[in-house]
Amino acid sequence: MKIATYNVNSIRSRLHIVLPWLQKNRPDYLCLQETKVADDKFPAAEFAGLGYHVILKGYKQHAGVAIVSKQKPQKVIFGLDDETNDADRIIAATYDGLAVINTYVPQGQSKDSPQYAYKLAWFRRLKKYLQKHFQPQNRIVWCGDLNVAPEAIDVHDPKRILGHVCFNPEVWSAFGNIKSWGFIDVFRRHHPAEAGQYSFFDYRVRDAAGRNLGWRVDHILATQSLAGFSRACNIDLPTRFTEKPSDHVLVYAEFGDH
DNA sequence: ATGGTGGCACCGCCA
C-alpha cells in the first residue's frame with residue numbers, strides 16, 4: 001500500500017505536478033491540502049480519468065482538503081464533527097479496514113493572535129474526534145500539513161525559529177498529545193535523527209529549496225498495527241524543482257510485504 | 001532587512 005500527502009497550494013494551479021506524479025507512482029491514496037477551490041470547481045474529472053476516486057471539501061479562497069484513492073471509500077467523515085466543524089481542514093475515509101485521516105491544521109499566524117489559540121484548540125478538538133470515531137489498535141494513517149516541526153532536526157535554523165507558531169514547546173505538546181493517542185511518525189521510523197529533510201520551503205525566502213532552507217511540517221503517521229509494516233517513507237524534493245511549484249513538497253510512504 | 005512570493009479573492013487575506 002502506497003500513500004502520499006501533498007499541500008498543493010491550489011489544486012488547479014498544481015495539476016501539472018499532481019497528475020503526472022499520480023500516473024508515474026500510482027499510489028493507493030493521495031491526501032491533498034490547500035486545494036483552494038469550492039467543491040463545484042474541483043477538477044474531479046481529471047482524477048477520474050486516471051482511474052481514481054476523489055472525496056473533497058473546500059470553500060472559495062482558503063484551505064480545502066481531498067483524498068484521491070484507487071478504491072472507493074466506504075465511510076466518509078467531513079470535518080471535526082463538532083460545532084465549528086472545519087470541513088475544509090479535515091476529511092477521513094475508510095477503505096477495507098484502513099482509515100485515512102487527512103488534515104490541514106491551522107497555521108496559527110503569530111503566537112499572540114487568535115489564530116494561534118485556534119490552532120492549539122484545534123489539536124484538542126482533534127483528540128476528541130479521534131476518541132469518538134477511531135480506535136488506536138486499528139489500522140489508521142493520519143497525514144497532512146500538520147503545521148508542526150516536531151524536532152530541532154526538522155528545521156534549518158532551530159535557534160532562530162524557536163518560538164514560531166510551528167516550532168515551540170506549546171505546539172510540540174499539542175502535537176505530542178495526539179501522537180500519544182497511538183501514532184508513530186513513519187518518516188522518522190525510517191530516517192531516525194536525519195537532519196535536513198524538509199517538506200516546506202517559504203516562497204519569500206530567496207532560493208529556499210535550492211539552499212535547503214526548509215521545515216518538515218508535512219507528515220505521515222500511522223498506528224502501531226500499520227506502522228509496523230512500513231517499508232519506506234520519503235520526501236519527494238523533485239516536486240519543488242518544477243515549473244510553478246507549491247511551497248510544500250510531496251511526502252510518500254509504502255506499507256506491506258512488497 | 002519589519003521586506004520577500006504566490007494563490008485566490010476582490011480591491012485584502014492567508015500562508
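Me: Which residues of H5 are buried?

Reply: First, a note: this is a predicted model, where local features need pLDDT of at least 70, side-chain atom pairs count only at pLDDT 80 or more, and totals for chains, interfaces and linings use all residues. Residues are numbered from 1 along each chain as its sequence is written, while chains are lettered from A and ligands numbered from 1 in the order in which they are written. Helices (H or I, at least four residues) and strands (E, at least two) are DSSP runs, numbered from the N terminus. Buried means 20 or more other C-beta atoms (placed from the backbone) within 10 Å of a residue's own, exposed means 12 or fewer, and partly exposed lies in between; in H5 the buried ones are Val171, Ala174, Phe175, Ile178 and Gly182.

Me: How far apart are the end C-alpha atoms of helix H5?

Reply: Helix H5 has 14 residues, 169-182. The expected span is 1.5 Å times one less than the number of residues, so the helix should span 20 Å. The model agrees, with the end C-alpha atoms separated by 20 Å.

Me: Which strands stand at the edges of the open sheet?

Reply: Six strands form this sheet with mixed pairing, in the order E5-E6-E7-E8-E10-E9; strands pair if DSSP finds at least two bridges between them. An edge strand has a single partner, so one side is left without a neighbour in the sheet. That describes E5 and E9.

Me: How many bridges join E6 to strand E7?

Reply: Five of the six residues of E6 are buried, so E6 is largely enclosed by the rest of the structure. E6 and E7 form a hairpin with two residues between them, and Ala92 stands opposite Ile101 in E7. The two strands run antiparallel, and the number of bridges is six.

Me: Which residues is Lys70 in contact with, leaving aside its neighbours within four places in sequence?

Reply: Lys70 sits in the loop between strand E4 (65-69) and strand E5 (75-78). Because 16 other C-beta atoms lie within 10 Å, Lys70 is partly exposed. Contact means C-beta atoms, placed from the backbone, within 7 Å, and the partners are Asp28, Gly51 and Tyr52.

Me: Which residues are the closest to DNA strand B?

Reply: A residue is near a strand if its C-beta atom, placed from the backbone, lies within 6 Å of it. By that rule, 15 residues surround DNA strand B. The closest are Ser10, Lys60, Gln107, Tyr203 and Arg204.

Technical notes: Contact = placed C-beta atoms within 7 Å.
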